[in-house]
Amino acid sequence: MYIEFTLPTGAAGQAAAHSNMVINNALREWSNKYDIPYSTKIVKYTKRVTFNNDEHYSLFAMTWNVDKKFHALSRWRLITDLNNKSAPDLDQK
């Protein structure tokens, strides 16, 4: 499971770099306020945020207050790990 922020494309990567900086600052403030460590990783034009405990994703969703001035802060979604799904039972007819 992880939180995914969508970074803008274009402007030779400058828009993505600026949005990444804004997201990093907001994440740092949120993390300090609730004393929750996190890890980040950028994959293409998405920034992934992971926590050690699954309960922190719910807390994040309930407490993430975005600044309307920065559109990048509101472009996030919760992604569940599809690899944890069990395989279908092929013996059933």
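**Fold and packing**

Modeller: Reading from the N terminus, the chain's elements go β-α-β-β-α-β. That comes to two helices and four strands. Keep in mind that this is a predicted model.

Colleague: In what order do the strands sit in the sheet?

Modeller: The order is S2-S3-S1-S4, in an open sheet with antiparallel pairing. S2 and S4 stand at the edges with a single partner strand each, so one side of each has no neighbour in the sheet. From one strand to the next, the twist averages 25 degrees.

Colleague: Which strands does S1 pair with, and over how many bridges?

Modeller: S1 and S3 pair over four bridges, antiparallel. Four bridges also join S1 to S4, again antiparallel.

Colleague: Give me some residues. What are the bridge partners of Ile3?

Modeller: In S3, Ile3 is partnered by Val49. In S4, the bridge partner of Ile3 is Leu78. Glu4 has a bridge partner in S3 too, Arg48.

Colleague: Why is S1 described as largely enclosed?

Modeller: Four of its five residues are buried, so the rest of the structure largely encloses S1.

Colleague: Now the hairpin. How many residues lie between S2 and S3?

Modeller: Two residues separate S2 and S3 in that hairpin. Lys44 is in the turn, with a positive phi of about 55 degrees. Val43 stands opposite Thr46 of S3. S2 covers residues 39–43, and five bridges join S2 to S3 in an antiparallel arrangement.

Colleague: On to the helices. Which strands does each one lie across?

Modeller: H1 lies across S1, S2 and S3, and runs at about 15 degrees to S3. H2 lies across S1, S3 and S4, at about 40 degrees to S1.

Colleague: Which residues of H2 are buried?

Modeller: His56, Tyr57, Phe60 and Thr63 are buried, in a helix that spans residues 55–63. Down the axis of H2, the buried residues fall within an arc of 145 degrees, so they line one face of the helix.

Colleague: And what covers them?

Modeller: The cover for the buried residues of H2 includes strand S1 (2–6), helix H1 (14–34), strand S3 (46–50) and strand S4 (76–79).

Colleague: What's on the face of H2 turned away from its buried side?

Modeller: Glu55 and Met62, both exposed.

Colleague: Switching to Asn20. Buried or exposed?

Modeller: Asn20 has 17% relative accessibility, and the cut-off for buried is under 20%, so Asn20 counts as buried. Asn20 lies in helix H1.

Colleague: What is Asn20 in contact with, leaving aside its neighbours within four places in sequence?

Modeller: Leu7, Ile42 and Lys47. With Lys47 there is also a polar contact between the side chains, at 2.8 Å.

Colleague: Last topic, the whole chain. What share of the residues counts as buried?

Modeller: 29% of the 93 residues. The chain exposes about 6,700 Å², and carbon and sulfur atoms supply 49% of that.

Colleague: Among contacts between residues at least 6 apart in sequence, what share joins residues at least 24 apart?

Modeller: That share is 59%.

Terms used
Residues are numbered from 1 along each chain as its sequence is written. This is a predicted model: local features need pLDDT of at least 70, side-chain atom pairs count only at pLDDT 80 or more; totals for chains, interfaces and linings use all residues. Side-chain values use heavy atoms; hydrogens and water are left out. Buried means under 20% relative accessible area, exposed over 50%, partly exposed in between (1.4 Å probe, protein chains only). The arc is that of the directions from the helix axis to the C-beta atoms. Contact means heavy atoms within 4.5 Å. Two strands pair if DSSP finds at least two bridges between them. A polar contact is a pair of N or O atoms within 3.5 Å; within protein, one must be able to donate a hydrogen and the other to accept it, and residues adjacent in sequence count only if both atoms are side-chain atoms. Axes are lines fitted to C-alpha atoms, for helices over the stretch in contact, and angles run from 0 to 180 degrees between N-to-C directions. Accessible areas come from the Shrake-Rupley method with a 1.4 Å probe; for residues, only the protein chains shown count as cover.
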